[in-house]
Amino acid sequence: MDKKYIIDTAENKKFLEENVEALLSFGHKFPSPKGSSYYLSDDGTPWIDKNRETWITSRMAHVYSIGTLLGHTGSEELVDAAIRGLSDELKDKKNGGWYAGLTKDDKILPDKQCYAHAFVILASTSALLAGREGAKELLNEALKVYDEKFWNEEEGLSCDTWNTEFTVLDDYRGVNANMHTVEAFLAVADAIGDEKYRVRAGRIVDHVIEWAKANDYRIPEHFTSDWKFDLEKNKEKPDDPFKPYGATPGHGIEWARLITQWATSTYGTDGEKAKPYIETACKLFERAISDAWNADGAPGIVYTTDWAGKPVVHDRMHWTLAEAINSSAVLYRVTKNPLYAQNYSEFLKYLDEVVLDHSCGSWYHQMDENNKVMTTVWPGKSDIYHALQSMLIPYKPVDVSIAKACK
């Protein structure tokens, strides 16, 4: 195995550092004139005919806040552009909160998404750590809206989608939005020291662990309004980008890292109370890798499986690989199990040989079961959030959110 794929070698550190710089350079052209993020094409030029969405804008504010903390040239102006977009054109000044996005003709995309609002929180915490103007005000408002409209204190979970006016709540409940809520809440606790949000993150974590255990560590994604499993949702549209049918191994992998972060930040990296959570994180990771990695005769992590672990959508999404790199490194740090270091090396080798676009930059966002580029779900290269984090997390403390760890 080439040393550049082996964790804790000088060659590996250099490989990741070079990719951090390349990714940050790739995304420079994202801001529209008023700050909302253009969707990026294969070579990083703006795709101006696509919608400019709040979740992508928030991710770009987050990554260039990290870029600012790392000293990447030009990052400050890019953060400020995205914060301007979130503070103005993407913000619903009449009804509160943030639109899902805007069309190319500046028409409003309907609904208020928990997913997008969680990313506004993440973006503003990172921008605050980077010392950017307007970040504190944005964070305060984002938390206020989220606490009032999305968080359910009695349930210890968040709802998913309102109509634009915040008058009608959709019956759908989902784990994806709650997963990114955990990420955002941990970032808030780390950035401003409000431990209420770490406690809330733990309540979500406990629910997810209970559901995972009930399904052989394949996490149910979709629920009814009273949080009953909806295991057959979207069976007719299994490759939905946000609500796919069945289990999503990439989310099992991502939860493994977030559960570890929550447990170690709450109980300490060597704490006995953290141990059962870390054990569960390992089981989630191992279940996902067993079901999805090299599952169909070719390298890569399949997008979805059924509830017995059989692949349904064989496409490989770039974000699943990014999270596999993150979680294998984090689990290696907390357990010292060499199997996770071996996984990490295999994932990086696959990244370098298959998923990295050595010609145009960034990572291919969707590939088929033969590792040929596809564009049915994720054409182009929308943003650099997952990829950038995976080039940083392996060498940062496991118990701290990534922007705070870069400060």
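## Helices 2 and 3

Helix 2 (residues 54-70) packs against helix 3 (residues 75-87) with the axes 8 Å apart and an angle of about 150° between them. Helix 2 is therefore roughly antiparallel to helix 3 (a label for angles over 145 degrees). Axes here are lines fitted to C-alpha atoms over the stretch in contact, with angles from 0 to 180 degrees between N-to-C directions; helices are DSSP runs (H or I, at least four residues), numbered from the N terminus.

Helix 2 passes helix 3 in a left-handed crossing, meaning that the near helix is turned anticlockwise from the far one by less than a right angle. On the helix 2 side, the contact (heavy atoms within 4.5 Å) involves Thr54, Thr57, Ser58, Ala61, Tyr64, Ser65, Gly67 and Thr68, while helix 3 brings Ser75, Glu76, Leu78, Val79, Ala82, Ile83 and Leu86. Seven of these residues are nonpolar, seven polar and one charged (Ala, Val, Leu, Ile, Met, Phe, Trp, Tyr, Cys and Pro count as nonpolar; Asp, Glu, Lys and Arg as charged; the others, Gly among them, as polar).

## About the model

This is a predicted model, where local features need pLDDT of at least 70 and side-chain atom pairs pLDDT 80 or more, while totals for chains, interfaces and linings use all residues. Residues are numbered from 1 along each chain as its sequence is written, and side-chain values use heavy atoms, leaving out hydrogens and water.

## Helices 7 and 9

Helix 7 (residues 196-213) and helix 9 (residues 275-292) cross at roughly 50°, their axes coming within 11 Å. That angle makes helix 7 oblique to helix 9, and the crossing is left-handed.

Val205, Asp206, Ile209, Ala212 and Lys213 of helix 7 meet Tyr277, Thr280 and Leu284 of helix 9. This contact has five nonpolar, one polar and two charged residues.

Notes. Helices (H or I, at least four residues) and strands (E, at least two) are DSSP runs, numbered from the N terminus. Angles under 35 degrees count as roughly parallel, over 145 as roughly antiparallel, 65 to 115 as roughly perpendicular and the rest as oblique.
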